[in-house]
There are 2 protein chains.
Amino acid sequence: MDRNLSQPPAVVLFSGGLDSTTVLALVLSEGYRAHALSFRYGQRHNWELRAAERIARQMGVVEHRIIEIDLRTFGGSSLTADFPVPKGRDPAVMAKEIPSTYVPARNTIFLAFALAWAETVGAQDIFLGVNALDYSGYPDCRPEFLEAFQRMADLATKAGVEERQRMVIHAPLLRMNKAEIIRKGVQLGVNYSETSSCYDPSAEGLACGECDACLLRRKGFAEAGVADPTRYQPQAVR
Amino acid sequence: MDRNLSQPPAVVLFSGGLDSTTVLALVLSEGYRAHALSFRYGQRHNWELRAAERIARQMGVVEHRIIEIDLRTFGGSSLTADFPVPKGRDPAVMAKEIPSTYVPARNTIFLAFALAWAETVGAQDIFLGVNALDYSGYPDCRPEFLEAFQRMADLATKAGVEERQRMVIHAPLLRMNKAEIIRKGVQLGVNYSETSSCYDPSAEGLACGECDACLLRRKGFAEAGVADPTRYQPQAVR
């Protein structure tokens, strides 16, 4: 690893999916030392964590932590509970209607942990891969939410209050569509065949092709004019 | 239990200490069904969780959950790491200087989980026992922090955005001093001998008498003119 301590540290929320892998590539290209943070929260698509571990290693993060938090205790989502993930939704309506894959307060919880880690490693920058164009309508992916989180974060930490270290939340993909994100990632050399986006993959990690995450991803590759390297389950190929 | 479903649910952040036990008593006296939420976060004063379990049962909460989150992974605090808890600080300076017992972003993390649970149980009210008078100067106990968290919470959840359910953060002790809190609790029938405040108790749960939490608590009982029922370690009795 050729990174050294003169490079500033950054905390990156990192799921191993298409968006957060693109963000990680961006962060590294800007010369940060990346501290990647993932969560095992009871998601049925646990497969993404294996992708996250592999990608984090390949891309050369300083450190990759997987926090265990069991959001299944609360239930309330098809991503963590026992009801089915919706399939075949029209991407045009996704942004207008919050689906059952919404996990209560998930990004609030993830960002709260990122804040804690940033404070302890002395990072002033926190990155996450949310975007509010090609997305599932989740409230905690919207610009208003991120702005409010930033104002709260400014008052939440010892480092912030003592004015030693203001922590800034960056969402560089917020206003990009999926095709733009993919083009940006390809420029930065991201190998998207390693990334895992599917909410309901097979035991071998093959994508279903039909959940919101798969549909947005397929549409993105098509619109970007980039060959889709995702490995789909046989019945998903149309 | 004589509570019924016509009573509104509330989520209460509940450590088993003096403040949050008083809040729980208040919440129950106001006719809520209380969902008590505690955290095993790697605190050295794990003893408080035994107190929390006992008190929650005795006071008749609907449900008590203990979430496991290991904040020791991050370090940065004498409450979760291997350096000593400060002893013998002057209560008059506590509020002016953030001590090493500060846990990075702790209340942000706790409130984020409370938000998730409130959304899934359909609660509109979240209570916590922070106070900004007799306290250790933690930034995330201040009114400005709570107001900013409230604004963020309004934008964070599906229930909030769809306007089915606005979740309100209540901190009824915020502007009370310790003596006022104790008097209020005594009125409500709280048995403070069960509560555990010490940051550094013995293996048997006896309080050290010298950490910030013990000093504020001792001072509170003295000023309230209430006999202090805390069981102290022998060397602490002066």
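Guide: Helices are DSSP runs of H or I with at least four residues, strands are DSSP runs of E with at least two, and both are numbered from the N terminus. The model is predicted.

Visitor: Between which elements of chain B is Ala105(B) found?
Guide: Phi of Ala105(B) is near 60 degrees, positive although the residue is not glycine. The residue is in a loop of chain B, between α3 (91–94) and α4 (106–121).

Visitor: Is Ala105(B) buried or exposed?
Guide: The cut-off for burial is 20 or more other C-beta atoms within 10 Å. Ala105(B) has 31 C-beta neighbours inside 10 Å, so Ala105(B) counts as buried.

Visitor: How many other C-beta atoms lie within 10 Å of Ala105(A)?
Guide: Ala105(A) is in the loop between α3 (91–94) and α4 (106–121) of chain A. Its phi is near 60 degrees, a positive value in a residue other than glycine. Ala105(A) is buried, and the count of other C-beta atoms within 10 Å is 31.

Visitor: Which residues of chain B are in contact with Leu115(A), leaving aside neighbours within four places in sequence?
Guide: Leu115(A) is among the residues with the most contacts inside the largest nonpolar core. Within chain A, Leu115(A) is in contact with Ile126(A), Ala153(A), Ala156(A), Thr157(A) and Met167(A). From chain B come Ala105(B) and Thr108(B).

Visitor: How many residues has the largest nonpolar core?
Guide: Nonpolar side chains tend to be buried together in soluble globular proteins. Here, the residues with the most contacts inside the core are Val12, Ala114 and Leu115 of chain A, and Val12, Ala114 and Leu115 of chain B. The number of residues in this core is 152.

Visitor: Which element gives the largest share of the side of chain B that touches chain A?
Guide: The contact takes 34 residues from chain A and 35 from chain B. On the chain B side, β3 (63–68), α4, α5 (143–156) and α6 (158–161) each give two or more residues. The largest share is nine residues, from α4(B).

Visitor: How many residues are nonpolar on the side of chain B that touches chain A?
Guide: Chain B gives 35 residues to the contact. Of these, seven are charged and six are polar. The nonpolar residues number 22.

Visitor: Which strands of chain A stand at the edges of the sheet?
Guide: The open sheet has five strands with parallel pairing, in the order β3-β2-β1-β4-β5 (chain A). A strand with a single partner has one side left without a neighbour in the sheet, so the edge strands are β3 (63–68) and β5 (168–170) of chain A.

Visitor: Which residue stands opposite Val12(A) in β4(A)?
Guide: Strands β1 (residues 9–13) and β4 (residues 125–127) of chain A run parallel, joined by three bridges. Opposite Val12(A) stands Phe127(A).

Visitor: What is the average twist from one strand to the next in the chain B sheet?
Guide: Chain B has an open sheet of five strands, ordered β3-β2-β1-β4-β5, with parallel pairing. From one strand to the next, its twist averages 25 degrees.

Visitor: What angle does the direction of α1 of chain B make with that of β1(B)?
Guide: In chain B, β1 (residues 9–13) and β4 (residues 125–127) pair in the parallel sense over three bridges. Helix α1 (residues 18–29) of chain B packs on the sheet, touching β1, β2 (33–40) and β4. Its direction and that of β1(B) make about 170 degrees.

Visitor: At what angle to β2(B) does helix α2 of chain B run?
Guide: Helix α2 (residues 47–59) of chain B lies across β2 and β3 of chain B. Relative to β2(B), the helix runs at about 165 degrees.

Key:
Residues are numbered from 1 along each chain as its sequence is written. Chains are lettered from A and ligands numbered from 1 in the order in which they are written. This is a predicted model: local features need pLDDT of at least 70, side-chain atom pairs count only at pLDDT 80 or more; totals for chains, interfaces and linings use all residues. A residue is buried if 20 or more other C-beta atoms lie within 10 Å of its own, exposed if 12 or fewer, and partly exposed in between; C-beta atoms are placed from the backbone. A nonpolar core is a set of buried Ala, Val, Leu, Ile, Met, Phe, Trp, Tyr and Cys residues joined through C-beta atoms within 7 Å. Two residues are in contact if their C-beta atoms, placed from the backbone, lie within 7 Å. Ala, Val, Leu, Ile, Met, Phe, Trp, Tyr, Cys and Pro count as nonpolar, Asp, Glu, Lys and Arg as charged, and the others, Gly among them, as polar. Two strands pair if DSSP finds at least two bridges between them. Axes are lines fitted to C-alpha atoms, for helices over the stretch in contact, and angles run from 0 to 180 degrees between N-to-C directions.
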